[in-house]
Amino acid sequence: MGRKARRRREKKRPPRVAADAKVEVSQEPALPPRHREKRRPTRPGKRLHHQMIWASVAVAAVVATVLIFISLAPWESAGGTTSSEFIVPTPRPADIPSQGSTLGDPNAPLTIIEYSDFLCPYCRTAALNIVPQIEAEYVVTGKVKLVFKHFVVHGQEAALAAGAAECAGQQDAFWLYHDMLFLNSGTVDFTTENLKQFGEELGLDTDSFNACLDSQSYMDKLVADVDEARRRGVEGTPTFYVGQTQIVGAKSYDTFQTAIEDELAKLTETSEEG
Amino acid sequence: MADLPVSALVRWGALAVLAIAAMGVSAYLAYSHYADQPIVCAGLSGCDTVENSEYSKLVGIPVGLVGALFSAGLLALVLARLARLPLAVEWASLAAFSMTLSGVAFAAYLTYLELFVIEDVCIWCTTFAAIVTFAWLITLVDVLALARE
């Protein structure tokens with residue numbers, strides 16, 4: 001091909017441009033301004049500036065700070081008090097006998113043994129919601145006696161609380177102290193100082209109570225209870241033995257009621273056969 | 001999804017999965033609170049201690065429920081973005097970024113409480129914190145990608 005012919009062909013060709021620019025020129029329809037405005041939202045990030053990112057960081061910081069402040073603010077639930085005060089239980093009627101960690105008539109036909117820990121949340125649920133119903137229906141009527149035994153799983157603080165309850169038990173105030181511990185569990189640290197204050201609030205003989213707590217004379221009882229629980233196959237708290245029926249966890253009152261009625265029925269059958 | 005490149009679609013899809021996972025975890029915590037059931041805790045003992053601590057509620061609302069509402073909000077945002085709702089197309093990236101960042105900050109605070117104040121760790125809470133952190137990283141990538149455009 002001659003030079004002249006090549007020059008003529010090149011003159012006819014359109015000028016070379018970048019491929020993408022060509023697409024933009026050839027494919028972008030000439031939209032009226034109104035339509036261009038409408039299409040803008042479909043190109044996210046076009047207007048996303050660094051200032052907006054920093055503004056969203058600031059919003060996040062404010063939200064997180066507010067949440068943290070709210071979580072730190074004391075919140076009074078129904079019937080509760082703030083963490084700086086103790087909740088003091090109402091004493092049981094004097095006609096419910098108690099001896100040490102046993103509540104109810106010592107000659108009651110059925111025994112419920114509870115293996116529990118004063119720092120275990122579900123033990124707290126059981127102690128505050130289920131045990132009072134059992135007391136009202138079966139302990140007061142002399143059908144059942146409750147025996148509290150320690151299965152300490154929440155460490156030193158729980159062991160100290162268990163020991164304090166045993167010390168209160170020496171003054172026949174085990175169950176009152178038991179209530180005090182569970183009412184304040186989760187809101188008050190079970191330090192020696194607080195446990196001694198509990199004793200004072202409950203009107204115990206503080207000299208002997210404090211001496212008991214300091215001497216740790218309760219330790220043998222705790223070890224014996226935990227060993228017994230392990231021998232019986234207790235694996236968690238709370239574990240109840242309603243006669244021979246084992247109930248693990250803070251089950252509903254209906255579950256307990258059924259077990260109690262079944263065990264009482266068995267006892268009645270046995271005595272009739274005898 | 002004409003306005004969403006494949007990489008962005010993957011990011012929003014992953015966010016949806018993480019939001020659902022976070023919702024599952026926190027809904028379980030909320031359920032165990034209201035049903036008064038012990039938390040299955042992978043053989044560890046910390047879940048109940050953490051769940052019953054004084055820090056487990058915000059003005060009386062269990063943190064698990066707060067987490068579930070947060071996750072539901074994030075999922076709604078992701079779905080709105082995927083459905084190309086105009087407002088979401090404009091703002092979802094920044095909103096998700098801001099939302100997950102506040103979630104990460106609050107989860108970090110709760111993790112600090114678990115480790116140094118309550119001195120017990122709840123595996124479900126840690127899982128939730130990890131999910132929110134992943135979600136935040138995805139939104140960070142998304143926001144930075146948009147900022148570069």
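Predicted model: local features only at pLDDT ≥ 70, side-chain atom pairs only at ≥ 80, totals over all residues.
Local features require pLDDT of at least 70, side-chain atom pairs count only at pLDDT 80 or more, and totals for chains, interfaces and linings use all residues. Residues are numbered from 1 along each chain as its sequence is written, chains are lettered from A in the order in which they are written, and side-chain values use heavy atoms, with hydrogens and water left out.

Eight salt bridges are present over all chains. The term denotes a side-chain nitrogen of Lys or Arg within 4 Å of a carboxyl oxygen of Asp or Glu. One of them pairs R92(A) with E135(A), with the closest N and O atoms 2.8 Å apart. R92(A) sits in the loop between α4 (50-72) and β1 (98-99) of chain A, and E135(A) in helix α5 (residues 121-139), so this pair ties together parts that are 43 residues apart in sequence. Helices (H or I, at least four residues) and strands (E, at least two) are DSSP runs, numbered from the N terminus. R92(A) is partly exposed at 22% relative accessible area, whereas E135(A) is buried at 8%. Buried means under 20% relative accessible area, exposed over 50%, and partly exposed in between (1.4 Å probe, protein chains only). A network of salt bridges links R92(A), E135(A) and D179(A).

Two further pairs lie within helices. In helix α10 (residues 219-232) of chain A, D225(A) and K221(A) are four residues apart, about one turn. Their closest N and O atoms are 2.7 Å apart. D225(A) is buried at 4%; K221(A) is partly exposed at 29%. In helix α11 (residues 253-273) of chain A, E263(A) and K266(A) are three residues apart, again about one turn. Here the closest N and O atoms are 3.2 Å apart. E263(A) is buried at 6%, and K266(A) is partly exposed at 44%. An α-helix has 3.6 residues a turn, so residues three or four places apart point the same way.

Twelve of the 15 residues of α6(A) are buried, so the helix is largely enclosed by the rest of the structure. Among them are L160(A), G163(A), E166(A) and C167(A). The buried residues of α6(A) pack against β4 (144-150), α7 (174-184), α8 (192-201), α9 (206-215) and α10 of chain A. Contact means heavy atoms within 4.5 Å.
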